[in-house]
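Colleague: I have a structure open and would like to learn how to read it feature by feature. Could you take me through it?

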Amino acid sequence: MKRSSSKTGSVAHALACATLSTSAGLAGAQPQAAASSASAAAGGPVVYRLDPDHTFVTFEVRHFGTSTLRGRIGPVPGEVQIDRVARSGDLRLRIPVGTVDTGMRVLDARLKEPDLLSVAANPEAYFIATNFRFDAQGNVQEARGEFILRGVSEPLSLIARRFGCRIDERLRREVCGGDFEGDLKRGRFGASYGEPFVSDDVHLVVQVEGIAR
Amino acid sequence: MKKMPALLAAVAALGLAGAAFAEPATYTLEPNHTFVTFEIGHFNTSTNRGRFDKKEGTVTIDRAAKTGKLDVTLDTTSLNTGVAQFTKHLNSDEILDTAKFPTAEFHGDKFTFSGDKVTEIAGNLTLHGKTNPVTLKAVNFNCYNSPLLKKEVCGGDFETTIQRGQYGVNYGANYGFPDNVHLIIQVEAIKQ
């Protein structure tokens with residue numbers, strides 16, 4: 001995959017990156033897939049549908065080195081496959097960046113412009129991760145993959161600050177989820193407008209819950 | 001004798017500078033960079049967040065005397081979680097009852113400083129018609145000259161944890177919804 005900062009700014013490029021990343025990820029995940037079928041009796045892969053009431057991305061940037069400006073994107077739809085016994089996972093998310101909500105309409109409109117989120121040309125960002133790390137109890141600790149924003153792909157790691165599974169009494173299904181955090185530099189995606197007054201560093205705070213299918 | 005006027009001038013200048021610095025400065029909250037976000041745990045799994053979009057207030061800071069005063073009013077009906085059903089439920093009489101209590105207020109009058117920087121603001125929070133003491137702790141604090149406004153702007157990030165039961169907001173406590181609510185406050189205020 002080309003990790004250049006060359007801005008093609010096209011959905012086609014983003015999808016091409018996504019496809020490449022997915023096939024590379026699947027190839028890398030082959031041994032884990034074999035292990036997962038061996039342990040399918042004990043666990044096996046489970047597909048969780050992301051809960052739109054509890055799946056949001058909040059970004060944080062520093063404003064004039066003083067306060068933290070936040071925006072919320074979501075809900076993020078999609079599915080995540082996790083095998084807690086084989087300790088493998090697979091997620092491919094389409095993130096609707098046009099839902100950005102900072103509480104300030106003028107800023108929301110500015111963020112959608114071509115030099116920032118470029119929503120018209122790139123209505124979705126993507127996060128594709130097949131490299132999962134689990135703790136001894138089978139809880140997800142980290143999901144590593146590629147984040148594609150404005151058609152530019154960069155590696156991204158989301159670290160779990162909290163992760164848990166429960167049987168939801170109302171849904172009568174298993175629900176897994178947690179809070180994840182990650183960091184990126186927006187300039188690498190070609191979205192450097194407003195630097196240095198607004199930081200290049202972007203901190204991501206992700207709420208996620210998925211309902212077992 | 002010739003030296004006296006110079007010395008006097010120097011003393012006067014120092015005095016003036018000191019007076020200017022000691023004078024309490026009043027700042028008006030800048031609503032585009034002032035938000036209160038709450039965080040509450042959801043079934044020990046993830047964290048639910050919501051934000052109050054409308055607010056107003058003023059801050060007075062006297063950095064020489066190390067004193068200050070903060071008065072903020074939040075429009076509780078401006079709550080925004082991104083989930084319409086959740087926002088509606090929070091507004092209902094089961095939780096914040098915003099029809100009956102459309103505002104929340106914080107009045108802080110005990111400022112703690114480290115050098116020029118505010119590190120803590122202690123005061124009283126009125127929410128859901130009940131008042132309790134709350135201390136906001138600064139995670140960041142800074143002042144800068146805004147090139148857009150051509151004025152000094154001070155602000156930062158503050159945090160605190162409140163117990164919602166103390167405000168008579170007990171919904172779901174018996175099914176494990178936490179009592180603790182974490183508040184994250186972004187604030188910037190423009191010198192008047």
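Colleague: Which residues does Gly78(A) touch, not counting residues up to four places away in sequence?

Modeller: Start with what a contact is: two residues are in contact if their C-beta atoms, placed from the backbone, lie within 7 Å. On that basis Gly78(A) touches Leu50(A), Arg92(A), Leu93(A) and Arg94(A), not counting residues up to four places away in sequence. This is a predicted model, where local features need pLDDT of at least 70, side-chain atom pairs count only at pLDDT 80 or more, and totals for chains, interfaces and linings use all residues. Residues are numbered from 1 along each chain as its sequence is written, and chains are lettered from A and ligands numbered from 1 in the order in which they are written.

Colleague: Where is Gly78(A) found?

Modeller: Helices (H or I, at least four residues) and strands (E, at least two) are DSSP runs, numbered from the N terminus. Gly78(A) is in the loop between strand S3 (67–73) and strand S4 (79–83) of chain A. Pro75(A) is found in the loop between S3 and S4 too, and the peptide bond from Gly74(A) to Pro75(A) is cis, with omega near 5 degrees. Another cis peptide bond joins Glu195(A) and Pro196(A), with omega about 0 degrees; Pro196(A) is in the loop between strand S9 (173–185) and strand S10 (201–212) of chain A.

Colleague: Why does Gly78(A) count as partly exposed?

Modeller: The idea is to count neighbours: a residue is buried if 20 or more other C-beta atoms lie within 10 Å of its own, exposed if 12 or fewer, and partly exposed in between, with C-beta atoms placed from the backbone. Gly78(A) counts as partly exposed because it has 17 C-beta neighbours inside 10 Å. Arg87(A), with 19 C-beta neighbours inside 10 Å, also counts as partly exposed. Arg87(A) is in the loop between S4 and strand S5 (88–96) of chain A, and has a positive phi of about 60 degrees although it is not a glycine.

Colleague: How many helices and strands does chain A have?

Modeller: Chain A has 2 helices and 10 strands, in the order α-β-β-β-β-β-α-β-β-β-β-β along the sequence. Of its 213 residues, 42% count as buried.

Colleague: Which strands pair with S7(A)?

Modeller: Two strands pair if DSSP finds at least two bridges between them. Strand S6 (residues 124–134) of chain A pairs with S7(A) in the antiparallel sense over 8 bridges, and Asn131(A) has Arg144(A) in S7(A) as its bridge partner. On to strand S8 (residues 152–168) of chain A: it runs antiparallel to S7(A), joined by 8 bridges, with Glu146(A) opposite Pro155(A). The hairpin of S7(A) and S8(A) has 2 residues between the strands, and Arg150(A) in the turn has a positive phi of about 55 degrees. As for burial, 7 of the 10 residues of S7(A) (residues 140–149) are buried.

Colleague: How many residues does each chain bring to the contact between A and B?

Modeller: The contact takes 26 residues from chain B and 27 residues from chain A. The largest share of the chain B side, 4 residues, comes from S3(B). By type, the chain B side divides into 6 nonpolar, 15 polar and 5 charged residues. Here Ala, Val, Leu, Ile, Met, Phe, Trp, Tyr, Cys and Pro count as nonpolar, Asp, Glu, Lys and Arg as charged, and the others, Gly among them, as polar.

Colleague: Is Thr47(B) buried or exposed?

Modeller: Thr47(B) counts as buried, with 21 C-beta neighbours inside 10 Å. It lies in strand S3 of chain B. Leaving aside neighbours within four places in sequence, Thr47(B) is in contact with Asp179(A), Gln207(A), Glu39(B), Gly41(B) and His42(B). Asn44(B), in the loop between S2 and S3 of chain B, counts as exposed with 12 C-beta neighbours inside 10 Å.

Colleague: What is the mean pLDDT of chain A?

Modeller: pLDDT is the predictor's confidence in each residue, from 0 to 100. The mean for chain A is 85, and 80% of its residues reach 70 or more. Over residues 1–41 of chain A, pLDDT stays under 50.
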